[in-house]
Amino acid sequence: MKIKAADVLVLGGGAAGLFFAAEAAAKGLSVRVIEGANKVGKKILMSGGGRCNFTNRDVQPKHFLSQNPKFCRSALASYSHLDFLALVKQAGIAYEERDLGKLFCQGSAKEIVKLLLDRCQQQGVEIELNQPIQEVEHLGSDFVVRTKHGCFQAERLVLALGGPSIPTLGASPLGYRLAEQFGHSLIPVRPALVPLTWDGQLKERFAALSGISLVARVQSKGGQSFSEPVLLTHRGFSGPAILQLSSYWQPGEAISIDWLHPENLEQLWELWQQQHGKSQLSSLLSPLLPSRLLAELLADSPLNWQQKVAELGKKHRQMLKQRLCQWQMVPSGTEGWRTAEVALGGVNTKEMDAKSLASKKQEGLYIIGELLDVTGWLGGYNFQWAWSSAYSCAKHL
Ligand SMILES: Cc1cc2nc3c(=O)[nH]c(=O)nc-3n(C[C@H](O)[C@H](O)[C@H](O)COP(=O)(O)OP(=O)(O)OC[C@H]3O[C@@H](n4cnc5c(N)ncnc54)[C@H](O)[C@@H]3O)c2cc1C
């Protein structure tokens, strides 16, 4: 079989791989992208409900989880959200800002894939599709990559194979295996930005409320909180607040939900007593929460719905607060890789150079994107990490 050579081989034609390839080729290097799927950027196409939340107005290191929190700083500083936004504008892609600074295409995520492909084409990047990678070796000073249908060789190898979420899109854990093969250690990998599930009694009680969505404040045992919509599903909790919290949740831990947020029960109480002391508890609470959810949250409690607000004692007020503002539940698990948006954990960044994204274990090896132990919040942060890490790597090549 004829070996195809290049200066740089990029494994993975996703967000980071394509962005890197064009930047590296612009420096005059010959670059070849090896992609296992029948087309590039499948996760981009699916992202943001088909509109791709490609970055965020406010990107800071605090929006990323890692065992080595300072690692992402250099790459994020070398290529910011404004840099990517400038590209989007230059390409004439219409975009819109949604809540919490999230930037989306107005049209379709296809426009972001086209932007990346156009840049690759302009710079003469070779893209090899339908090439599931079988093995990689380092022979002499070269890396040799064997796929189902070909053999490729280069002095420099960039791993941009992403995480294993949504295997039906071509995702695989191969990147982790290759990193380990070249001497890297892994920070344990698990699904993140993923719905949390329930079972047993909770499922029996809450599955019937599927479809209810409201803004609430959710908090992890470690104290991380998010105030965004929570969605009840047949299998558990979803919605942005829960997806965010899943990155901070450990199996077996309870999560706490303030269903009344952004209302403050203490302040409400003062007002209720002064103005509506004679009203019944039920008529005060029903405008604040869907009645079916309210009934479930207060089920089995001795609170009397017909009781007048002014007559409610301290003990019962405390109970009301616990049920509505500090409601606790222990999820049974997550929906797993089938629906997770990203992987938490990954290649240990202490073994990587933060500027060049070069491996400290294997000369000529570089690792970018989601494969590393850098996981963004929901809101365009994961794509920004893909762009920033890819750019920084190409810049220092
Ligand atoms: C449903 C969904 C929606 C998302 N929405 C957003 C969003 O709106 N905003 C945001 O910031 N992030 C979003 N993300 C996360 C974002 O898609 C990823 O963080 C980002 O794509 C990571 O870029 P990457 O290049 O590292 O990996 P990927 O983009 O996953 O690229 C990896 C590439 O490697 C290829 N590959 C894998 N294994 C093999 C193999 N064995 N052989 C050959 N090729 C292989 C894959 O086919 C893929 O093309 C979403 C993720 C999902 C799943």
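Predicted model: local features only at pLDDT ≥ 70, side-chain atom pairs only at ≥ 80, totals over all residues.
1. Domains. Where the two domains touch, 5 residues of domain 1 are in contact with 4 residues of domain 2. On the domain 1 side of this contact, 4 residues are nonpolar, 1 is polar and none is charged.

2. Residues around the ligand. The shell around the ligand holds 37 residues, and those that come nearest are Gly-12, Gly-14, Gly-36, Gly-162 and Gly-369. With 4 residues, H13 provides the largest share. By residue class, the shell has 17 nonpolar, 15 polar and 5 charged residues.

3. Helices H1 and H5. Two packed helices are described by the angle between their axes and the distance between the axes. Here H1 (residues 15-25) and H5 (residues 110-122) have axes that come within 8 Å and cross at roughly 30 degrees. Angles under 35 degrees count as roughly parallel, so H1 is roughly parallel to H5. The crossing of H1 past H5 is left-handed.

4. Side of contact between H1 and H5. From H1, the residues involved are Leu-18, Phe-19, Ala-21 and Ala-22; from H5, they are Leu-116, Leu-117, Arg-119 and Cys-120. The contact of H1 with H5 counts 7 nonpolar residues, no polar ones and 1 charged. Arg counts as charged, and Arg-119 is among the H5 residues listed above.

5. Backbone at Pro-262. Which form, cis or trans, does the peptide bond from His-261 to Pro-262 take? The bond is cis, and its omega is near 5 degrees. Pro-262 sits in the loop between strand S18 (255-258) and helix H9 (265-276).

6. Backbone at Cys-52. Most residues other than glycine have a negative phi, and most peptide bonds are trans. Cys-52 is not a glycine, yet its phi is positive, at about 50 degrees. The loop that holds Cys-52 runs between H2 and strand S4 (53-56).

Conventions:
Residues numbered from 1 in each chain as written. Axes fitted to C-alpha atoms, helices over the stretch in contact; angles between N-to-C directions. Helix = DSSP H or I, 4+ residues; strand = E, 2+ residues; numbered from the N terminus. Parallel < 35°, antiparallel > 145°, perpendicular 65-115°, else oblique. Left-handed = near helix turned anticlockwise from the far one by under 90°. Contact = placed C-beta atoms within 7 Å. Near = placed C-beta within 6 Å.
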